[in-house]
Amino acid sequence: MNGTCEGMMVEGAIHAGGCLCGACRFEAQGAPLDAAYCHCRMCQRSSGGPVQTWALFPEARFRYVAGRPAVYRSSDWGVREFCPVCGSQLAFRDADGVSLNTGCLDDPEAMPPRKHIWCESRIRWFDTADDLPRE
């Protein structure tokens, strides 16, 4: 890979997104550092789905432009942010940066996953039809 995800907007581009009800809106700038499907049990439980997709941005290139998220410490290493009005999960923060839930982006097509992570926790009846690396 060349440091950006195929199909993703380039340096300086603004990626906007938000929750279901519109109370929380955010922006991320430039190309993400990484993007993936996460199959871990925490993502399954927090999303209610078999997988969570995310795109990672440095904290300095992310900000909320409307509303303030509620925060839940889901592990010793990270917190999840969600809308306090509608409950939409927006992001996960840890030492690596801010992982935005790509489904919350206005243009989720711009952030295709590069890989799968935590595949040992994958729910066996769910799989994707791709040849991305699996960790």
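Visitor: Which residue of strand 10 stands opposite C38?

Guide: C38 faces I117 there. One caution first. The model is predicted, so local features need pLDDT of at least 70 and side-chain atom pairs count only at pLDDT 80 or more, while totals for chains, interfaces and linings use all residues. Numbering starts from 1 along each chain as its sequence is written, and side-chain values use heavy atoms, without hydrogens or water.

Visitor: What makes strand 3 and strand 10 a pair?

Guide: Their bridges. Two strands pair if DSSP finds at least two bridges between them. Strand 3 and strand 10 have 3, so they pass. They run parallel.

Visitor: Why is the stretch 70–73 called strand 6?

Guide: Strands are DSSP runs of E, at least two residues long, numbered from the N terminus. Residues 70–73 form such a run, and A70 lies in it.

Visitor: How do you know that strand 6 pairs with strand 7?

Guide: Same test. There are 4 bridges between strand 6 and strand 7 (residues 79–82), so the pair qualifies. The two run antiparallel. Y72 stands opposite R80 in strand 7. With 5 residues between them, strand 6 and strand 7 form a hairpin.

Visitor: What makes R80 a contact of A70?

Guide: Heavy atoms within 4.5 Å count as contact. A70 reaches R80, E81, F82 and P84 on that basis, with neighbours within four places in sequence set aside. A separate figure concerns Q89: its C-alpha is 9.5 Å from that of A70, across 19 residues of sequence.

Visitor: Why is the D106 and R25 pair called a salt bridge?

Guide: The rule asks for a side-chain nitrogen of Lys or Arg within 4 Å of a carboxyl oxygen of Asp or Glu. Here the N to O distance between R25 and D106 is 2.7 Å, so the pair meets the cut-off. D106 sits in the loop between strand 9 and strand 10, and R25 sits in strand 2 (residues 25–29), so the bridge ties together parts 81 residues apart in sequence.

Visitor: How many salt bridges are there in the whole structure?

Guide: The search finds 9. Side chains of opposite charge can pair when their charged atoms come close.
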